[in-house]
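Visitor: I would like to learn how to read a protein model. Please take me through it feature by feature.

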Amino acid sequence: MRLVSICPSNTELATYAGLADHLVGVDNYSDWPSDKLTNLERVGPDLNINMEKVEALNPDLVLASETVPGMEKNIKELKKRGLPYVIVPTPKTLSDIGSQLIWIGEKTGYKEKSLKAHKTFNYWINYYKGLSDSVEEKKTIYWEWWAKPIFTPGHSNWLTEMSELAGGINIFADHPQSSVKTTWEDVYKRNPDVMAIIWVGVHKEKVNRKVLEKRPDWQSLKASTSNNVYILDEPFFCRPSPRLLIGLMQIANILHPHIYPTFAEGVDPMFTD
């Protein structure tokens, strides 16, 4: 089967579902697994896919997405050209992400590996749920995925669930939506124990910490005074794929190192026995 993925999270889902060798083209932002993507055709950024390149690859199936506003124009163009495609469901919870693995397996006809991946994913979710039950004092977390204006996840987002599995509480979980536009004043008033900076699409090395430190009363914020401000690898927290397990392992060990396993750089729990 010849697959084209036009969204980074879809590329990752396909890989976990055992379909990496079937990929013949991916969007420009797909960066994992790097060893599998080296020789693949790049078909443009996910919001501006070059459909002529996609068509030239003669795909049996295009893995499309609606996770980001603006992607719908890709779907219109796929339909217009008569290209075979599916829209991978947009998840809100970690359970949804696990279900995506089975969904992709069913849509491609490769169920065996996707079912195995789903089982592994659920194993780790349940494992961390068990550890979270032993946390007596949960820590409050402020997740920032954009700085100007400030955006943070609300209740119906996997980061709220991830916070709970890590023995924490998302300070904006009282907002029902998945993404909340807020203000620094509101963040400061909530005074989190921990700040996790994961600007979407920005590598952690390029996050300008001075943007944070220039905010009013920064030095008196609990997370700042206790040195609990972390700039993290955003793909492990912002992309809806099983790589979120890596982010879960990292934030859980940050919050409660005496309860959760040590975070090992480069280890993917989906590929451990």
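**Rings, sheet, helix and core**

Guide: Start with F271, which is exposed, at a relative accessible area of 53%. Exposed means over 50% relative accessible area, buried under 20%, and partly exposed in between (1.4 Å probe, protein chains only). This is a predicted model, where local features need pLDDT of at least 70, side-chain atom pairs count only at pLDDT 80 or more, and totals for chains, interfaces and linings use all residues. Residues are numbered from 1 along each chain as its sequence is written, and side-chain values use heavy atoms, with hydrogens and water left out.

Visitor: Which residue forms an aromatic pair with F271?

Guide: First, the general idea. Two numbers describe a pair of aromatic rings: the distance of the centres and the angle of the planes. Rings of Phe, Tyr and Trp (its six-membered ring) pair if their centres lie within 6.5 Å; planes under 30 degrees apart are stacked, over 60 edge-to-face, and the rest tilted. By this rule there are 11 aromatic pairs. In one of them, Y16 is stacked with F271, at 5.4 Å centre to centre and 25 degrees between the planes. Y16 sits in helix α1 (residues 8-16) and F271 in the segment after α12, 255 residues apart. Helices (H or I, at least four residues) and strands (E, at least two) are DSSP runs, numbered from the N terminus. Y16 counts as buried, at 5% relative accessibility.

Visitor: How is the pair of Y142 and F172 arranged, and where do its partners lie?

Guide: Y142 and F172 are tilted, with 6.2 Å centre to centre and 55 degrees between the planes. Y142 lies in strand β6 and F172 in the loop between β8 and β9 (179-182), so the pair ties together parts 30 residues apart in sequence. Y142 is buried, at 0% relative accessibility. F172 is buried too, with a relative accessible area of 0%.

Visitor: In what order do the strands of the open sheet run?

Guide: Look for pairing: two strands pair if DSSP finds at least two bridges between them. Here four strands form an open sheet, in the order β8-β6-β10-β11, with parallel pairing. β8 (168-170) and β11 (229-231) each have a single partner strand, so one side of each has no neighbour in the sheet. From one strand to the next, the twist averages 25 degrees.

Visitor: Which residues of helix α4 are buried?

Guide: Compare the sides of the helix. In α4 (residues 72-81), the buried residues are N74, I75 and L78. They cover an arc of only 100 degrees around the axis (taken from the directions from the helix axis to the C-beta atoms), which puts them on the same side of α4. On the other side, K76, K79 and K80 are exposed. Just after α4, G82 takes a positive phi of about 70 degrees.

Visitor: How many residues are in the largest nonpolar core?

Guide: In soluble globular proteins, nonpolar side chains tend to be buried together. A nonpolar core is a set of buried Ala, Val, Leu, Ile, Met, Phe, Trp, Tyr and Cys residues joined through side-chain atoms within 4.5 Å. The largest one here has 53 residues, and W143, M162, F237 and I251 have the most contacts inside it. Helix α12 (residues 244-255) gives the most to this core, with eight residues. Apart from it lies another core, of 18 residues, including W199 and W218.

Conventions:
Axes fitted to C-alpha atoms, helices over the stretch in contact; angles between N-to-C directions.
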